[in-house]
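Biologist: I have a new model open, and I would like to learn to read it. Can we go through it feature by feature?

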Amino acid sequence: MPERSAFPTPPAGLEGAHLVRSGCPAHNCGGRCLLHVWVRDGKILRIDADDRPGDEPSDPQLRACIRGRAYRYRQNHKDRLRYPMKRIGKRGEAKFTRISWEEAFGTMAERIVSVRDAYGPTSIFVPYGTGSYNLTNGRWTAERLLNLVGGSLGYYNSYSWACISAATPTVFGTNITGNQRQDWLNAKLILMWSWNPAEMRDGTNSEYFIRKARERGARVVCLDPRMTMSAVALADEWIPVRPGTDAALMSAMAYVMITEGLVDRAFIRSHCLGFDASQMPAGAESEESYEDYILGRRDGIPKTPGWAEPISAMPRATIARLAREYATIKPAVLYQGYGMQRRAYGEQAVRAGCVLAAITGNVGIPGGWAGGIALQAPDGGPRWEILPLGENPVTAKIPSFLWSEAVLRGRDMGPADGVVGADRLGTDIKLIWSVASNILINQHGNVNRSARILADESRVEFLAVQDNFMTPTARFADLLLPACTQFETWGVQDGWKYGEEVILAPKIVEPAFESKSDYAICAGIAAKLGVEPAYTEGRDERGWVEWAMDHYRKTRFPDMPTLDELEASNSGMYVRPVTEPAVAFADFRRDPQAHPLPTPSGKIEIFSKRLFDLKRPDEIPAVPKYIREWESPFGPEAAAFPLQVIGHHALSRVHSIHDNVPELLEAFPQRIFMNPLDADPRGITDGDPVRVWNDRGALILPVRLTSRVMPGVLAIPQGAWWTPDRAGTDRRGNVNVLTSERWTPYAFGNAQHTIMAQAAKAGKPGRRR
Ligand code: SF4
């Protein structure tokens with residue numbers, strides 16, 4: 001194996017530069033890659049990808065995508081926030097004046113104390129955000145500080161995984177349902193269901209493992225409303241599915257399997273609960289079983305492929321073929337992506353997919369896959385602890401998506417609104433400290449509503465934003481705190497969802513202008529609050545990286561080198577190769593009595609007594625069902641708004657990050673993707689400016705006509721920075737002007753892909769058409 005140099009000679013054109021290997025400032029892209037950062041005279045000149053020799057499945061290269069490699073444009077961007085600033089206009093007008101760090105620290109400390117004393121610490125909130133997302137930077141730094149001075153309102157779940165993380169345990173009792181990815185090489189069939197790792201990643205190298213599985217003979221099918229890059233590059237077949245109908249399609253597949261005798265009856269008998277009348281839980285003996293639902297014994301509607309065809313837009317013959325393939329080509333993986341669950345009843349598609357895996361006997365075997373969120377066996381994978389936060393004196397938490405509700409009516413919110421840890425919040429949110437987050441305006445449902453809420457200074461009395469750029473959220477700040485990038489401070493990363501890696505993110509260049517690290521900003525505020533020694537414990541950013549690595553060495557990676565050794569080697573990372581991939585539920589499969597699942601029954605709960613006891617069968621049924629969404633092509637709303645809109649991930653951005661990088665936008669222009677069958681009757685031709693609107697807002701973008709998006713669906717890449725014109729029409733293509741703030745019934749999750757809208761050729765700027 002050729003050795004690679006720790007400090008190689010720079011390539012032509014980079015004479016005098018030196019190489020630093022570093023983790024990508026990944027920002028919750030779904031990956032963790034190694035970057036080769038070429039630096040000269042304190043400036044990042046070029047970024048290359050991992051070149052480690054070997055590249056075996058046990059330890060593949062962590063190859064960067066275009067976003068990571070384009071990071072130098074963001075790093076050296078002319079629009080970096082340079083100084084602390086305070087607002088001088090109305091909130092949202094983005095009029096600011098420069099202040100000193102001394103004044104910024106003092107203002108921040110004074111407002112934390114005054115709001116805490118007036119309304120209590122539950123009125124202080126650090127929202128969900130992943131703009132700086134390694135283990136020692138980002139919002140954790142603010143949370144640690146607030147915990148030292150009374151605490152703050154917490155949150156649970158996320159904008160990415162709310163439904164899948166809540167629904168998976170209703171079936172399996174745990175979110176650790178995934179085999180290690182090396183095991184995909186044992187699969188004979190892989191269904192990539194609503195999953196697009198080639199664009200959104202979901203684990204660096206997921207596409208590498210799919211490709212390896214194909215080389216070994218696996219058939220790969222991609223189910224998605226779009227013919228994604230994953231469908232093109234990784235799959236043998238693309239089958240379009242109408243958005244929001246996945247549970248109907250899965251139910252029809254179950255119908256075929258049941259009526260054709262293709263289910264694994266032996267496994268169902270020994271390992272599952274609630275499949276049919278013979279195995280219903282105590283207290284629900286006469287309730288509707290899964291088989292009852294599928295065969296239509298109670299509602300009179302057998303869930304046949306013919307029933308599902310007009311719902312899912314998939315031909316019945318294709319549904320039947322897919323069902324037979326999944327039931328008979330063993331072992332098989334049905335990988336559930338996250339787009340299908342950011343929808344009105346996202347919980348149902350998750351549960352339905354898990355049940356298909358169970359009734360085909362694909363749980364607990366090499367090459368199989370249980371479904372659900374699939375945190376990696378055996379222990380949940382590498383999503384480790386972060387900076388130690390201390391204890392939050394405030395026990396109350398809200399679902400992450402309900403922050404705007406807590407601004408409007410927090411004082412009355414309780415468990416019915418998803419509040420945990422308290423019977424009532426007792427206060428509205430009055431101070432928001434947004435660290436590395438563009439959630440408040442850009443990424444939340446219904447941007448226009450969020451902007452109205454935040455512009456009202458009688459509600460949120462103080463809004464501090466800590467970021468690299470003047471994002472749409474930053475424009476609403478009262479106090480702007482310029483954070484440095486992850487290349488300008490020390491950090492350390494885990495391997496995200498998969499990957500047994502520790503990736504170093506060393507400080508490579510000095511912070512630009514007067515920017516500071518999230519940690520240094522918090523330390524400065526801590527000093528004003530009189531808790532600086534307790535906050536820092538005498539450590540700087542590198543000191544916390546060292547602390548974290550010592551911790552990981554004790555708890556997970558005994559062979560990992562020290563920080564000094566890792567830095568000296570310039571390898572950028574430590575890897576523990578995976579030679580014998582773990583299989584989730586292997587013990588349970590072998591002996592369900594000795595190794596029961598952490599469900600109430602110890603079995604796979606196809607029927608959930610816990611959900612049954614909620615007594616909300618129309619929205620939270622005990623067995624997974626297809627439920628028509630609250631905005632749907634089949635509802636009355638379709639008369640005015642006949643098109644479904646999806647806000648998919650795209651290679652130009654990580655959520656809203658990179659939207660100000662022209663080089664990426666040139667490669668992947670922000671456009672509406674529309675099927676010609678929808679364009680023709682509207683007189684729309686390729687490249688036209690098209691207005692898309694519904695009752696919540698409107699945007700105008702150029703259109704790309706393509707048969708790679710199914711008829712009836714508009715695809716608009718999510719994350720564009722909200723840029724309204726004088727008439728309020730967004731001109732950059734932020735799909736959240738169309739999305740809703742409504743949450744899902746069980747997970748309290750965001751349903752931002754459930755959108756109906758209308759489209760027409762646009763007229764002049766500022767006009768309705
Ligand atoms: S996949 Fe994520 S971590 Fe990897 S290079 Fe791209 S943005 Fe960075």
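Biologist: Let me start with a single pair. Which residue in β24 is the bridge partner of Pro689?

Modeller: Pro702 is the partner of Pro689. Keep in mind that this model is predicted. Now widen the view from that pair to the two strands. β23 and β24, residues 698-705, pair in the antiparallel sense over 5 bridges.

Biologist: How many residues does the hairpin use to join β23 to β24?

Modeller: The hairpin runs through 4 residues.

Biologist: Which strand pairs with β23 over 4 bridges?

Modeller: That is β26, residues 756-761, and the sense is antiparallel. Look for Trp693 as a landmark. Its bridge partner in β26 is Gln758.

Biologist: Next, the open sheet. In what order do its 4 strands come?

Modeller: The order is β10-β9-β8-β12, and the pairing is parallel. An edge strand pairs on one side only; here the edges are β10 (237-239) and β12 (332-336). Neighbouring strands of this sheet are turned by 15° against each other on average, direction ignored.

Biologist: How many bridges link β8 and β9?

Modeller: There are 5 bridges between β8, residues 189-193, and β9, residues 219-223, in the parallel sense.

Biologist: What should I know before I look at a core?

Modeller: In soluble globular proteins, nonpolar side chains tend to be buried together. In this model, the largest nonpolar core has 132 residues. Ile359 and Trp433 have the most contacts inside it. Helix α9, residues 246-259, gives the most to this core, with 11 residues. Another core lies apart from it, with 57 residues, among them Met85, Trp403, Ala474 and Trp722.

Biologist: Last, the ligand. Which residues surround it?

Modeller: Read the shell along the chain. Cys24, Ala26, Cys29, Gly31, Arg32 and Cys33 are among the surrounding residues. Ala64, Cys65, Arg67, Gly68 and Arg201 also belong to the shell.

Biologist: How many residues of that shell are nonpolar, polar and charged?

Modeller: The shell divides into 6 nonpolar, 2 polar and 3 charged residues.

Conventions:
Residues are numbered from 1 along each chain as its sequence is written. This is a predicted model: local features need pLDDT of at least 70, side-chain atom pairs count only at pLDDT 80 or more; totals for chains, interfaces and linings use all residues. Side-chain values use heavy atoms; hydrogens and water are left out. Two strands pair if DSSP finds at least two bridges between them. A residue is near a molecule or strand if one of its heavy atoms lies within 4 Å of it. Ala, Val, Leu, Ile, Met, Phe, Trp, Tyr, Cys and Pro count as nonpolar, Asp, Glu, Lys and Arg as charged, and the others, Gly among them, as polar. Axes are lines fitted to C-alpha atoms, for helices over the stretch in contact, and angles run from 0 to 180 degrees between N-to-C directions. A nonpolar core is a set of buried Ala, Val, Leu, Ile, Met, Phe, Trp, Tyr and Cys residues joined through side-chain atoms within 4.5 Å. Buried means under 20% relative accessible area, exposed over 50%, partly exposed in between (1.4 Å probe, protein chains only).
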